[in-house]
Amino acid sequence: MPTLLIEPVARLIEAFARLPGIGPKTAQRLTYHLLRAPEGEARALAEALVAVREQVVSCERCFNFSDAPLCLICRDPVRDQRRLCVVEEALDVLALERTGEFRGLYHVLHGAISPIDGIGPERLRIRELLARADDGSRAGAPFEEVILATNPTLEGEATAMYLAERLEGTVVLVSRIARGLPVGGDLEYADEVTLIRALQGRRAI
Ligand SMILES: [Zn+2]
């Protein structure tokens, strides 16, 4: 098969195939679509790809993706500054925002504790989370609630337990989203009703 493909085409197929959720067949289909598409379409895609790499940075407070030192949520004065929702990935922020159920701030860990994969707390944004909680506490305005919304997986549960222990004493309440989510599931794939129930049914831990 590779003999049939000229090099630039093979290279694009390969690049698409490396993306999550895209198998070799889809990679070929996307590539051939772009070959037939108007010049402007391919160019717009290429420019959009470069732009996300060049213009998107990590929010220095919550580590969500951002176009400025502070992300849209962190710089929104209307958000409840005393409530914090801790998630594994930036995609989880999108999923929770779609529910409209939470009006506080976020903290994106960028993963979960997983000793098997060699991921300890120091590999995640946990130090920064604890510092945020500490700062609030020392300023006399501790977080009224920190919701641990890590995934309902082994790693997500272990991370939540670890955080609950470390946050104790610096925040008023630590809660964990309810179990309505399928075990082993991923927050970003949960439907909105399930997510709303999980948030509403959260419990103190
Ligand atoms: Zn932010």
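Q: Domain bounds come from an automatic or database domain assignment. Which domains does that assignment give for this chain?
A: The assignment gives domain 1 (2-55) and domain 2 (71-204). Their centres, taken over C-alpha atoms, are separated by 35 Å. Keep in mind that this is a predicted model, where local features need pLDDT of at least 70, side-chain atom pairs count only at pLDDT 80 or more, and totals for chains, interfaces and linings use all residues. Residue numbers start from 1 along each chain as its sequence is written.

Q: Thanks! What box do the C-alpha atoms fill?
A: Along the principal axes, the box is roughly 65 × 35 × 35 Å.

Q: And how many helices and strands are in the chain?
A: The chain has seven helices and seven strands. Both are DSSP runs numbered from the N terminus: helices are H or I with at least four residues, and strands are E with at least two. Along the sequence the pattern reads α-α-α-β-β-β-α-β-α-β-α-β-α-β.

Q: Which strands form the open sheet?
A: Five strands do, in the order β4-β3-β5-β6-β7, with mixed pairing. Two strands count as paired if DSSP finds at least two bridges between them.

Q: Which strands stand at the edges?
A: Those are β4 (105-108) and β7 (203-204). Each has a single partner strand, so one side of each has no neighbour in the sheet.

Q: What about β3, how does that strand pair with β4?
A: Strand β3 (residues 83-87) runs parallel to β4, and four bridges join them. Val-86, for instance, has His-107 in β4 as its bridge partner.

Q: How many bridges join β3 to β5?
A: Four bridges join β3 to β5, and the two run parallel. Arg-83 has Glu-145 of β5 as its bridge partner, while Cys-85 is partnered with Ile-147.

Q: Then how do β5 and β6 pair?
A: In the parallel sense, over three bridges. Val-146 has Val-174 in β6 as its bridge partner.

Q: Which helix packs on this sheet?
A: Helix α6 (residues 154-167) does, touching β3, β5 (145-148) and β6 (174-176). The direction of α6 makes about 165 degrees with that of β5. Axes here are lines fitted to C-alpha atoms, for helices over the stretch in contact, and angles run from 0 to 180 degrees between N-to-C directions.

Q: Is β3 largely enclosed or open, and why?
A: Four of its five residues are buried, so β3 is largely enclosed by the rest of the structure. A residue is buried if 20 or more other C-beta atoms lie within 10 Å of its own, exposed if 12 or fewer, and partly exposed in between, with C-beta atoms placed from the backbone. Over the chain, buried residues make up 25% of the 205 residues.

Q: Switching to helices: at what angle do α4 and α7 pack?
A: Helix α4 (residues 90-99) and helix α7 (residues 192-200) pack at about 90 degrees, with axes 9 Å apart. That makes α4 roughly perpendicular to α7. The scale is this: under 35 degrees is roughly parallel, over 145 roughly antiparallel, 65 to 115 roughly perpendicular, and the rest oblique.

Q: Which residues meet there?
A: From α4, Ala-95, Leu-96, Arg-98 and Thr-99 meet Glu-192, Leu-195, Ile-196 and Leu-199 in α7. By class, this contact of α4 with α7 has five nonpolar, one polar and two charged residues. Ala, Val, Leu, Ile, Met, Phe, Trp, Tyr, Cys and Pro count as nonpolar, Asp, Glu, Lys and Arg as charged, and the others, Gly among them, as polar. Residues are in contact if their C-beta atoms, placed from the backbone, lie within 7 Å.

How values were computed: Two residues are in contact if their C-beta atoms, placed from the backbone, lie within 7 Å.
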